[in-house]
Amino acid sequence: MDASPEPQEKGGTLVLIRRQPPVSQGLLETLKARLKQSCTCSIPCAQALVQNLFPVLHWLRQYRPKEYLAGDVMSGLVIGIILVPQAIAYSLLAGLQPIYSLYTSFFANLIYFLMGTSRHVNVGIFSLLCLMVGQVVDRELQLAGFDPSQDSLGPRNNGSTLNNSTTTLVLGLQDCGRDCHAIRIATALTLVTGLYQVLMGILRLGFVSTYLSQPLLDGFAMGASVTILTSQAKHLLGVRIPRHQGPGMVIRTWLSLLQSVGQANICDMVTSAVCLGVLIAAKELSDRYRHRLKVPVPTELLVIVVATLVSHFGQLHSRFGSSVAGNIPTGFVAPQIPDPKIMWHVALDAVSLALVGSAFSISLAEMFARSHGYTVHANQELLAVGCCNVLPAFFHCFATSAALSKTLVKTATGCQTQLSSVVSAAVVLLVLLVLAPLFHDLQRCVLACIIVVSLRGALRKVKDLPQLWRLSPADALVWVATAATCVLVSTEAGLLAGVFFSLLSLAGRTQRPRAALLARIGDSAFYEDAAEFEGLLPPPEVRVFRFTGPLYYANKDFFLQSLYNLTGLDAGHSATRKKKGPEVGVSDSSLADGKDMGSVSSGTGLVVPLAFGFHTVVIDCAPLLFLDVAGMATLKDLHRDYRALDITLLLACCSPSVRDTLRKGGFLGEDQGAEDELLFPSIHSAVEAARARREELAAADSAF
């Protein structure tokens, strides 16, 4: 930057000289320039575009095997081991076959390895998204004439549909069974979700996810966790109840469970009790001694292995009627294009999935980037997560996003880069090609236990509610409203309610901000709230008013009301009465409000300002973020009313944007001197100027 001339002096004080703003191009010229820049093709531009789209090309060249490889391999193995039982379990939430969850975990890890900017985030199956996918799948199955209460897991369904998937998936709906149509719905929903996210990334809309505040996300996670727990209760008890849809699903499900509790399967109940006890105890011990454990214990995998062996050798399915996972085929199914008709039906449902998946993924990526000292790019994260949905949708996968629990495990086991995702994908691939049929006799209640225990973190957030209430009641209201709506209505409605109450709380904070009269701190040049601090000295015959918020159409009336109440003078009403006084017989002394110091009339019959106890009002504009047209009109009217009452209105500490708005809005007039008379760099300079003007007027009046 070129050296600037020193500030000039005027009347013994420093004067700031405004720089001449650069000549701005018109909108058409700006669009042409950006379009020309975007369409310019060269080898360096193409290389930069490819590297931005695939960050792996950049960081892989800087990979240090001696430092990173051991941690990446270890964390990848651990995550892969954890992914297998979770993938099989979360298929219950999505209402799909376990093999599709394994497909999803495999492809998501590989694609995020290529396109993700976070070194630690794990992208894959996520319980909240699985629940949302499952609700859409159940609804569309019911509309297609299938029975949603018929679970997708089980030997009968697998044998009729999935074993012949290579032939049935290419046939029409009339030749496609329940499981086949369910995955069609899930892939169509996933593709639309991914397209939304990719479009958001292309349009640079990564900032949109920031409007989903942390209390909103926590409340949504809490409400969705209760919904997930409700959906898994039937598997814990081993009962068959209809799958309820629509508002009140949670309540109606619990009522159905109470009515069917007498039909509970004793074998499933005992297995659930044992598995829950083991899993919860192991999790608590792991949390307590996590600093001593170099590698987290894969409790879920151990429970699944033991439960599968017990179920197989004990013949729990044939002897006690316990529901099991059934046949899980190996290999990959041929890719298929999602059905456009189904995509049209679920286009609206995909909006909530895209927002929730994007918000959780970006927030997790930014959180771990801050803690480890690097940066991530929100728009590239949108592209990465979107491609994790778009491309796998053609390979019978469903919606994915970043997951907190597995990301924490990755960091705890020494993850350094996304190379660990390749190791995790290799573990899942091994299960897909070889080990999947070994889980044939795994009980569904064991899978439900894994899902329920994974909700511990989200359900524990309810303990943070009292502290959140003490910190910010508005945020606590957003949390409660989001969680309650998720439970009582639906997860989609909960998300909408959370967004609505977040915007409402934001509007409420700006609509009724704090207002106060300021007083001087001793002999200093600083002023603070006289109602909050003791021993302050109010400036004589001057009122200093602070309004801690923007001045716009929604709070202009509150601004005037606060100013009038604190100063004890309704300037608008008093100015109107003064103008009408001679006509309607209103005396000058009646212009002052009840809090005034008495009317003092001059020889000419005009009310002097001291009749109200002050002759100047100084507005501290430092907290004033912006002015809109209504706010500008309010200040102009206030200036006019005070001038009619012979009271001076001064503005102090205005930001450059507020000064520009005042200048463009005509508040300062066309004369440069008017700006110097109305705007001051500090409150103290405004108070001193008001005092000096008062003394000059008094001296002139005495001389006259």
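1. Gln-315 has its place in the loop that lies between helix α13 (299-314) and helix α14 (316-320). The model is a predicted one, and the backbone at this position deserves a remark: Gln-315 has a phi near 50 degrees, a positive value in a residue other than glycine. For background, most residues other than glycine have a negative phi. Gln-315 counts as partly exposed because its relative accessibility is 44%, a value that falls between the 20% limit for buried and the 50% limit for exposed.

2. With a relative accessibility of 25%, Cys-653 counts as partly exposed, because buried would require a value under 20%.

3. How many of the residues of strand β8 (residues 616-620) are buried? Five of its five residues are, and the strand is accordingly described as mostly covered. In a regular strand the side chains alternate between the two faces of the sheet. In β8 both faces are covered, with Thr-616, Val-618 and Asp-620 buried on one side and Val-617 and Ile-619 buried on the other.

4. The pairing of β8 can be described through two strands, of which β7 (residues 542-547) is joined to β8 by five bridges, the two running parallel. Within this pairing, Arg-546 has Asp-620 of β8 as its bridge partner. Strand β9 likewise pairs with β8 in the parallel sense, over five bridges, and here Thr-648 in β9 is the bridge partner of Thr-616. Between β8 and β9 the chain passes through helix α27 (residues 629-644), and this β-α-β crossover is right-handed.

5. Which residues make the nonpolar surface patch of about 550 Å²? The patch is made by Phe-332, Leu-430, Leu-433, Val-434, Leu-435 and Leu-438. One of these residues, Leu-433, has its place in helix α19 (residues 419-435). At 45% relative accessibility, Leu-433 counts as partly exposed, and that value is over the 30% which a residue needs in order to be part of such a patch.

Technical notes:
Residues numbered from 1 in each chain as written. Predicted model: local features only at pLDDT ≥ 70, side-chain atom pairs only at ≥ 80, totals over all residues. Heavy atoms only, no water. Helix = DSSP H or I, 4+ residues; strand = E, 2+ residues; numbered from the N terminus. Buried < 20%, exposed > 50% of the residue type's maximum accessible area, 1.4 Å probe, protein only. Pairing = 2+ DSSP bridges. Right-handed = clockwise from strand over helix to strand, strands pointing away. Patch = residues over 30% accessible without salt bridge, like charges linked within 9 Å, V, L, I, M, F, W, Y side chains within 5 Å. Areas by Shrake-Rupley, 256 points an atom, 1.4 Å probe, with all protein chains shown as cover. Salt bridge = Lys/Arg side-chain N within 4 Å of Asp/Glu carboxyl O.
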